[in-house]
Each structure stands twice: as structure tokens, then as C-alpha cells.
Amino acid sequence: KSLSFSLSLQAKMSKPVQARRLEGIDKNIWVEFVKLAVTYSKVNLGQGFPDFPAPAFLTEAFTRALAGGNHLLHQYTRAFGHPPLVKVLAQFFEKLLGRDLDPMTNVMVTVGAYQALFCCFQALVDEGDEVIIIEPFFDCYEPMVKMAGGTPVFVPLRPNPPKDGRLMSSADWQLDPTELASKFSERTKAIVLNSPNNPLGKVFSRGELGLIAELCVKHDVLCISDEVYEWQVYDGKQHIRIASLPGMWDRTVTVSSAGKTFSATGWKVGWVVGSDRLLQHLRTVHQNSVYHCATIAQEAMAQAFQRELMLYGKPESYFVQLPKELQQKRDWLVQSLDGVGMKPIVPEGTYFLVADISQFKSDVPDDPNSDEPYDYRFTKWMVKNKGLAAIPLSAFYSEAHKNNYTNFIRFCFAKEEATLKAASDILQKWKQEKTS
């Protein structure tokens, strides 16, 4: 008995169980705020997913694949992408990039854009490498760089408010060329570009992309280009792919997502497009982690892309219709927010709209005992007291710069009209309470 007792004492581990690379990256904004939204919100404009249906042609393609009698669609397909899907993606991106693509070596299918990004950082970033991240940034870039052993280096988009009293646009947030150039050094391995940008909705102009491309070529730096919102661009703006600029094809991995492209975020079908010189290393990470993505979802996506390839540029194309619908939703939310004094920054692209909450400071008093940024406290107060969920903008900044951007919150407008109307009603009621 005493022997088993002493053995059980020894069995308790004294070594740390956690890998060092996980230190400091265990917190995740989505875990906390999704839980708050589920518990308190009447209207959730926090998370970036549509609450309207995916297009009928997509769900029909899935049903056909499921019921079509091809039993092999229930089994593994090619690890790096179902052949019909990589073939049509190669055809599609040949048009967009203006170059020939080999479906087997220039395209790889992943479990959403999220896994595509993970593969990029794991495959291309080494211990001690620096990776430039433009702020505000989608929050997974920083922990993924750190997990790969890299050091994130941050450069902010700086707001230049218009002087003529018009609403600020996401185009008014710009890189300082000198500041950007100063971040490149012999330690720089890659820059992460996200255009259209989440959370701001900024669509980088040809001039801005040209500046980034020039610095990449000059310093021999890779570009990880997250373009998941490539089809959600408004006001006649054009999304330019940095891989199409001179000198950039061989150094760019372009990441995209069927979740955003076809309003089906839960399907988790993403992909990367790039030169074989880069993608061969992503394939190594992919085959030793996920290995394989759901066959039937890839089959249905292949059919959806076939349809879009035939309708490319025509009014019936989903890629033409969706941004028109989303632009109307954006304008509705812009008006609702502006009407109550939450100053919106009008986005040129994406699902998202950032609003300035400075005029609501009196609603949520300062808490001297809290070390949380103001926008975190405001957003939590808003969901608990008003039933409206959003995300604090400072969540998209590094620790060092968080406190410079605490007067903004992010809303998602890719929602049903009824959802947006309910949000507008909450805001109107809130305004009446403030003025009464």
C-alpha cells in the first residue's frame, strides 16, 4: 500500500507541460466576446459571418455531391486539394493574376484561410525572423508569427481625418512611407498584407501596394497576402492583387477563402496561390498537420467556381451581386450610426465598419481599477446593458499600441435586413434615453 502511495505521489508531473512557444498567446478575443454575445446579445454585429443564407446554387451543389451516387466523395481526395477544385481555381486565378498556373503546384486547398495562414508562418518563418504586420491587423497574425519563433514588427495605418466635415473613409487611414521603410532590415523575412483590411475595410491602392512591393523586392522579403475579402469591394473600387505587380509573383503567397467568397464560413474551405518555390514548403506543413480537407465540400465549391467562371464579369455573377447587396447594408449601418453620433469610418471593402465612440464616453464611466482598454469596457457594457454586440478595435493592435486606439469599435454589416434594423432600433432608443 505504501509503495503504491509513494508511486502515485511521484506520478504527479513537476515539469511544465506547456510548450514555451504558447506563452503569452493563450488569450483569444473571440472566445471571450462570442461567449458574451451568446449570453447577452439581442443583436450580434460582433463576429464576421453572414446570417443570411449561402447562395442556392452552392447548397444545391452540395446536395448533388451528397446524393449523386459517387461514393468516393465520402473518402479521402488528394491531400493538397481535390483535383476538380484546384483545376478551376487555377483557371480562375489565371484570369485574375494574368499568368499561367499549374493546379497541382501553384494552388493548395486548406481548412479555411486560417489554416492557410498557419501553414505560411510555419513553413516560411524561422526562429529570430522578423515579420512586419500592418496595424490594425486580424488578430491571429501575431500569435501565429510567435508560434513559428518569429518576431512581429508593427507599423500602423495612421488616420488623416478629412477637413471638409465629411465622414472619414477607410482610405483616410494610410501608411507613412518613411515609417514603413524603417521597419525593413536584414532580419525581415516577410510582411503580412491584408487587403481589403479587416477590421478597417481599407482597400489598398495601387500606389500603396507599389510601395510595399518595391520594399519587398529591395530587401528580398516575402509577402503573405491575406485577400479573403477580395470580392467584397464597394463604390466601384478595384481590388488589386499584389502578386500581379512586377517582381512579386515569386515572393507572394496569396491566401483566400470560400467562406467569405460564397458566404459559407462554416464550410472552412480556403486555399493558397503562389509559386511552387514557396508552396512546396506549405505542402510539408499541411501534410504533417491537417493532411486533408473535407472532400464533399471541395466538390461543391468546385461546381460553384465553375458557375462563376462561366458568368465572370456578368450581372448574374454572385461576385457582382454580393458586393451590391453588401454596399446597401453598409450604407444602412453608416446612416444608423451617424444618426446617433457614433461616427462611422466608411469602409471601401469587407464585412466590417469601424465607428468612433468618443461621443458616448459619458455612458460608460472610467473605472480606475480596471486595466482593460476603454473600448473593451464599452463593448462589454453595451452588450450587457443594450443587447448589442460589437468588437473593440484595440483587439486588432499590438500590446504596445493598443492604448492609442481605444475610442473605436467594429461592427459587422453582413447581416439580414431584420438584424440591421434591430441594431438600428437599439441605437435609436439609446439616443432617446441620452437626450431625455
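The legends below describe close-up views of a predicted model. Residues are numbered from 1 along each chain as its sequence is written, and side-chain values use heavy atoms, with hydrogens and water left out. Because the model is predicted, local features need pLDDT of at least 70 and side-chain atom pairs count only at pLDDT 80 or more, whereas totals for chains, interfaces and linings use all residues.

Figure 1. The chain is divided into domain 1 (24-53 + 318-435) and domain 2 (56-311), with bounds that come from an automatic or database domain assignment. The C-alpha centres of domain 1 and domain 2 are 25 Å apart. Across the interface, 38 residues of domain 1 are in contact with 47 residues of domain 2, where contact means heavy atoms within 4.5 Å. The size of an interface is often given as the accessible area lost when the parts come together. Here the area buried between domain 1 and domain 2 is about 3500 Å², and carbon and sulfur atoms give 61% of this area. Buried area is the accessible area (1.4 Å probe) that two parts lose on being put together, summed over both. Tyr318, Phe319 and Glu348 supply 25% of the area that domain 1 buries against domain 2, more than any other three residues.

Figure 2. Side chains of opposite charge can pair when their charged atoms come close. A salt bridge is a side-chain nitrogen of Lys or Arg within 4 Å of a carboxyl oxygen of Asp or Glu. By this rule the model has 21 salt bridges, and 2 salt bridges are counted between domain 1 and domain 2. Lysine 237 forms a salt bridge with glutamate 348, and their closest N and O atoms are 3.9 Å apart. In another pair, glutamate 130 forms a salt bridge with arginine 187, with the closest N and O atoms 3.0 Å apart. This pair links distant parts of the chain: glutamate 130 is in strand E3 and arginine 187 is in the loop between helix H7 (177-182) and E7, 57 residues apart. Helices (H or I, at least four residues) and strands (E, at least two) are DSSP runs, numbered from the N terminus.

**Figure 3. The largest pocket.** On a 1 Å grid over the protein atoms alone, a pocket is an open set of points with protein on both sides within 12 Å along at least five of seven lines, while a cavity is a set of points where a 1.4 Å probe fits but cannot get out; lining residues have an atom within 4 Å of a point. Grid points are joined across faces, edges and corners, and a volume is the space filled by probe spheres set on the points. The largest pocket has a volume of about 890 Å³. Domain 1 and domain 2 both give residues to its lining, so the largest pocket lies between them. Of the 29 lining residues, Lys27, Asn28, Ile29, Glu399 and Lys402 lie nearest the centre of the pocket. H6 gives the most to this lining, with 5 residues. The lining of the largest pocket divides into 14 nonpolar, 4 polar and 11 charged residues. In this scheme Ala, Val, Leu, Ile, Met, Phe, Trp, Tyr, Cys and Pro count as nonpolar, Asp, Glu, Lys and Arg as charged, and the others, Gly among them, as polar.

**Figure 4. The two cavities.** The model has 2 cavities of 30 Å³ or more. The largest cavity holds about 70 Å³ of space, and its lining includes Phe33, Asn44, Thr379 and Ile391. H2 provides the largest share of this lining, 4 residues. By class, the lining of the largest cavity has 8 nonpolar, 4 polar and no charged residues. The second largest cavity has a volume of about 40 Å³; among its lining residues are Ile133, Tyr141, Leu193 and Phe204. E7 gives the largest share of the lining of the second largest cavity, 3 residues.

Figure 5. Most residues other than glycine have a negative phi, and most peptide bonds are trans. The peptide bond from serine 195 to proline 196 is cis, with omega near -10°, and asparagine 198 and proline 199 are joined by a cis peptide bond with omega of about 25°. Proline 196 lies in the loop between E7 and helix H8 (206-219). Aspartate 235 is not a glycine, yet has a positive phi of about 55°. Aspartate 235 is found in the loop between strand E8 (222-226) and strand E9 (252-257).
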